[in-house]
Amino acid sequence: MILYICFSLSAQLSAQNIETLRQNIEKITKTKKAKVGVAIYNINTKQGFFINEGTHFPLQSVYKFHIALVVLSLIDEGKFTLDKKISITKKDLVPNLYSPIKETYPNGVTLTVAEILEYTVCQSDNVGCDVLLRLIGGPSVVENYFIKNKFTGISIKTNEQDQQAYWQTQFKNWITVESSNDILKKFFDKKQPYLSKNSYKFIWGLMEKTQTGKERLKGKLPTNVVVAHKTGTSGKNKDRITSAVNDIGIIYLPNGDFIIISVFVTNSIENDKTNEKIIADISKTTYDFFIAK
């Protein structure tokens, strides 16, 4: 009975503590002219919560992480290898698509799957993304992979060329904050059944090297804190509304804890700097909360 009472009191205190973090994050978002989705989970303490759960948030380039997971799962099945060479022709270098590959190799190039994955995840290369989608059979292969593995709350219907060309198309690729954190959590678990050890090491190595969105999850954290993450960003429509400023990933805390975090900013009439600051403030507030415990 004494042990039960102690456990119950501990659980109540834990719930109260995490509710404080939720309230602090809601103070950040409530004054902003945007809809913000948040998912937080501490792997070690098993504390977490969602804000605006159930909402379909446009993925934008966040889905390059999910595409990479499927590419690596097919490599594990023996369909091809990281060393497989892919020819990227000048025709593939579509105008108006953001692409460091295109900037570096304006006349085309032959790269390995590993190199294309690095461009796609770390630098959010749109040409590389569409090359990978063609390699594996299209967006439906990615969506079906997650459905087959019983992940819900995610839709992947289109490639980058179409997504960037037509404003409404981006909304076909969406995720809920619950699903975003669930996928991160399960694929970050070293005991997960989805990827081989080599593929696991490869994807999380890429996520740690992500170069985009330095003012988002990493923006206000100490420079020595490792963040394995993937960003996604839309433009603005004619009404100056931004549909997506996103960042998802794992924050490696100095005390050995790991924070799974997904932040999606949508339907925003704030400027770009403010949208990124929302994510940075949420990340820093979360970091400070768990470091202080």
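**Helices and an open sheet**

User: What relative accessible area does Thr 29 have, and is Thr 29 buried or exposed?
Analyst: Thr 29 has a relative accessible area of 14%. Buried means under 20%, exposed over 50% and partly exposed in between, with a 1.4 Å probe and protein chains only, so Thr 29 comes out as buried. By the way, this is a predicted model, where local features need pLDDT of at least 70, side-chain atom pairs count only at pLDDT 80 or more, and totals for chains, interfaces and linings use all residues.

User: Leaving aside neighbours within four places in sequence, what is Thr 29 in contact with?
Analyst: Thr 29 belongs to helix H1 (residues 2-29); helices are DSSP runs (H or I, at least four residues) and strands too (E, at least two), numbered from the N terminus. Counting contact as heavy atoms within 4.5 Å, and skipping those sequence neighbours, you get Val 36 and Ile 282.

User: How many residues of helix H4 are buried?
Analyst: The buried ones include Ile 116, Leu 117 and Tyr 119. H4 spans residues 113-122 and is largely enclosed by the rest of the structure, because the buried count is 8 of the 10.

User: Which are the edge strands of the open sheet?
Analyst: The sheet's 5 strands run in the order S2-S1-S10-S9-S8, with antiparallel pairing (at least two DSSP bridges between two strands). Pairing on one side only are S2 (48-51) and S8 (226-233).

Terms used: Residues numbered from 1 in each chain as written. Heavy atoms only, no water.
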